[in-house]
Amino acid sequence: MKKEIWFGLSILAAVVISIFVFMPAPSQMTNGHLGLLMLGLVVVAIMMGFPTAFTLMGMGMMFAWFAFRSRAPDLAVQQTLDLMVQRTFSVMSNDVLISIPLFVFMGYLVERANLIEKLFKSLHLAMARVPGSLAVATVVTCAIFATATGIVGAVVTLMGLLALPAMLRAGYSTQLAAGAITAGGCLGILIPPSVMLIVYGATAGVSVVKLYAGAFFPGIMLATLYVAYIIVIAKLKPKMAPPLSAEDRVVPLPAYAKTISNSFGANVVRGLIAGLNGKLKLEVPARTLALQLFIALLPALVFTAAIGLTYRAVTAPIAVEANEVQEMGSGFAADEEEENLSGPAAPPAEVADAAKPDASAPATAAAAAAAPVAAAPAPATPPPAQASGERLNAPTGFWVTLAMGVAALAAFYAFFTFARLEIFKMLLSSFFPLAMLILAVLGTIVFGLATPTEAAAMGSMGGLLLAAAYRRLNVSVVRESLYLTAKTSAMVCWLFVGSSIFSAAFALLGGQELINQWVLSLDMTTIQFMVLSQVIIFLLGWPLEWTEIIVIFMPIFIPLLPHFGVDPLFFGLLVALNLQTAFLSPPVAMAAFYLKGVSPPHVTLNQIFLGMLPFMAIQVVALVLLYVFPAIGMWLPNVLYK
Amino acid sequence: MQKIFLFVDKVSTWLGHTFSWLMLVLTLMITWEVFSRYVLSNPHPWAFDVMMMLYGTVFMMAGAYTLSQNGHVRGDVLYGFFPPRLQAGLDLVLYFVFFIPGVFAMAWAGYFYAGESWAIKEISNITSDGPPIYPFKTVIPIAGGMLLIQGFVEIMRCVVCLNEGAWPSRKEDVEEVDVDKLKEMVHVSDEDISKLEAYIVTKESETK
């Protein structure tokens, strides 16, 4: 124990000493040097473990006073006080940060709605045939649940209770099991709606809407890479992730299903229709059969609705542009047009929105195709005369999508057995509500139907409804969620108060200019700068929390970006992906400790850390991929907002 | 002495708890406002200001509560390994170096800031004819003052810890990761975990 203390303290001492060695003599010190001194000292002060918000506040105040004193000694105290209170008030009335408590509240509510048990079970049954199915289901469950809640600790603990025993009993290697849980649990930090992106947006002055649109695909990509890694491992080393035994895959069937599949075969649609036709005088009430048939046909219904809406949208006469043209001249046709075309601005968004929640294969394909298809006709400005109500011909892409969807649906129903129907019903009550909540919140933000604040509030409302639907809504659940929300928001927002005073002092001292000059004098290329900055952030992720890294160090990096021609939005995506690694880097990764807290003593911390390493490597690969192919992140915001 | 600590803790916690209900108000208000705007076509110009005030009030007033629960983020990469006495000593010094001056200056400046606002009965300038903003600005000195009082209690805690070599206990409260509650939620008991342990051990001995 003693050794570690001396080691830690000597590091701190070494940092302080080296700061003073590199500083010029006090007589030659300029304000800029003071700024750098402040930056060095604050890192040391944070490492000493005092609450960071107040460290920043106190240090910012002192150095702001130094800065003001060098200008006008008489006014220095008053100016410092004014600066502090104004900065505080600006955080209090910050229209970006306001969505943090709302998203946090939504997360706590969703967590307490307790869907995770069902979600994991249904997903691992649905994926039983995939190699490494339990680990894959773990990552997917984590991705969805962590995205909706955003609470790393709770997700890792819950999965440690649910998935770890399941995987260990199925003979999975401890490392792979631990890695899948910890890596999956941290995905919620990246995949929007995440608090980290709001904090970055508020610090860097980048639109949260664009950040959300941009982070969506990198997040999905990271989750997909995790899944791919697990599948490859399971294929190459079946010992690490053996396939599920037959008895683990059995889905218990209700009585009616057994009778019907015994007499008509296992296919759901055929069996149910035959049963309804009365070929069979069973003791199964017709209502049950009709209800099951309706549930079984849901994918087809949703697909039809989506295709129908898409058809309406893509063939709708274009009048959005026409309206604008006509506004200049006369408004004679405007009323008429508004009447039959009140929707055209919305349908593309709505369609994609409506289609996406259905994550079964056909509709996802439709959704993916719907957005570009629907957007395609818009740029063509037709002459005003044409805009009077004729339906356009649907583009080829639409028919291709339709054909593919129909084929997928046909294949789906051909293999739709009663066992699959049971799995589908389980998914319907666990996976789809969450996916719908996430996509509804994201969709309204990304398509500009609501501000992030409004969407966050609606998400919280959705969380309340979800908890109510699962019979978990009571005063104590709401009360606990509210108290936790208050604590978490106070933690983040007070940190913002501190950092905003601190960065004001840093700017006043001119520390920023000194850093800018120094970086520019290094004459780096863009790639060198990007690699260097990401390495610095990666290293900072070891001793510091992501909140501290973003609020203290982003204001230093952001002003350098224009010089290197880097989009702050893109930089933000890289930083968000990069900080993911901080959650998995031993020995400080919190995720490992949460997992250790609920795992049997035989699972050691070292095994967990070892299991996390490959996933950390995947994160670095994802970071490189995003850097080499910026389109992964930038495509969606560019399509939507340009 | 311990009585005074716990009393201040209680006040901070009560304030934090009470004001946290404003989050629910905020959620319902925005939901209603969105409904009112899109469905009833009846937006309210004051909605934005009120949203801001609710959010700002909640987090400011929860500051002391969070401090009383030791909930403010710390860089604990080294701190976590220190023995309690060293932790308390460091905290004690830094409370006087950073916390007291910083928070006192904020509350002091906030007092005059709010006073000026009250004097002119300031209204929000986000919309014309906005709602009065001086009560909102008053939150700064109140929250700052409460934080300062809680800070003194924390300092006393450090002193107690320096004397006794262990941190005095805190009031119990909801925790973000309450393992027992989570276990109950997913129907896993400690027995299940020890059974799993036995299972792994037997299987490992089989393979060896």
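How many helices and how many strands are there in chain A? Chain A has 31 helices and zero strands. For anyone new to this, helices (H or I, at least four residues) and strands (E, at least two) are DSSP runs, numbered from the N terminus.

Before I go on, a bit of housekeeping. This is a predicted model, where local features need pLDDT of at least 70, side-chain atom pairs count only at pLDDT 80 or more, and totals for chains, interfaces and linings use all residues. Residues are numbered from 1 along each chain as its sequence is written, chains are lettered from A and ligands numbered from 1 in the order in which they are written, and side-chain values use heavy atoms, with hydrogens and water left out.

Okay, chain A. Of its 642 residues, 55% are buried; buried means under 20% relative accessible area, exposed means over 50%, and partly exposed is in between, with a 1.4 Å probe and protein chains only. Take the chain A contacts with a separation of 6 or more: 78% of them join residues 24 or more positions apart. Contact here means heavy atoms within 4.5 Å. The chain exposes about 26,000 Å², and carbon and sulfur atoms supply 67% of that. Those areas come from the Shrake-Rupley method with a 1.4 Å probe, and for residues, only the protein chains shown count as cover.

Now zoom in on one helix, α9 of chain A, residues 174-185. Its 12 residues reach 16 Å from first C-alpha to last, close to the 16 Å expected at 1.5 Å a residue. That expected span is 1.5 Å times one less than the number of residues. So is α9(A) mostly covered or mostly uncovered? Mostly covered: 11 of its 12 residues are buried, including A:T174, A:L176 and A:G185. And what do those buried residues pack against? Among their partners in chain A are α7 (133-149), α8 (152-169) and α30 (605-628).

A cis peptide bond joins A:P192 and A:P193, with omega at about 0°. A:P193 is in the loop between α9 and α10 (195-204) of chain A. Most peptide bonds are trans, and most residues other than glycine have a negative phi.

On the phi side, we have two residues to look at. A:N114 is not a glycine, yet its phi is positive, about 60°. You'll find A:N114 in the loop between α5 (99-112) and α6 (116-126) of chain A, and at 15% relative accessibility it counts as buried. Then there's A:D523, with a positive phi near 55°, in the loop between α24 (511-522) and α25 (526-540) of chain A. A:D523 counts as exposed, at 64% relative accessibility.

Next, aromatic rings. Over all chains, the search finds 27 aromatic pairs. Rings of Phe, Tyr and Trp (its six-membered ring) pair if their centres lie within 6.5 Å; planes under 30 degrees apart count as stacked, over 60 as edge-to-face and the rest as tilted. Why is the pair A:F54 and A:W494 called tilted? Because the planes of A:F54 and A:W494 sit at 45°, with the ring centres 6.1 Å apart. This pair links distant parts of the chain: A:F54 is in α3 (residues 52-71) and A:W494 in α23 (residues 475-509) of chain A, 440 residues apart. A:F54 is buried at 1% relative accessible area, and A:W494 is buried at 0%. Compare A:F431 and A:F432, whose planes are at 80° and centres 5.3 Å apart, so that pair is edge-to-face. Both of those Phe residues, A:F431 and A:F432, are buried.

Last stop, chain B. Chain B has seven helices and zero strands. A compact globule of 208 residues would have a radius of gyration near 17 Å, but chain B has 24 Å. That radius is taken over C-alpha atoms, and the globule rule is 2.2 Å times the number of residues to the power 0.38. Along its principal axes, the C-alpha trace of chain B spans about 80 × 55 × 30 Å.
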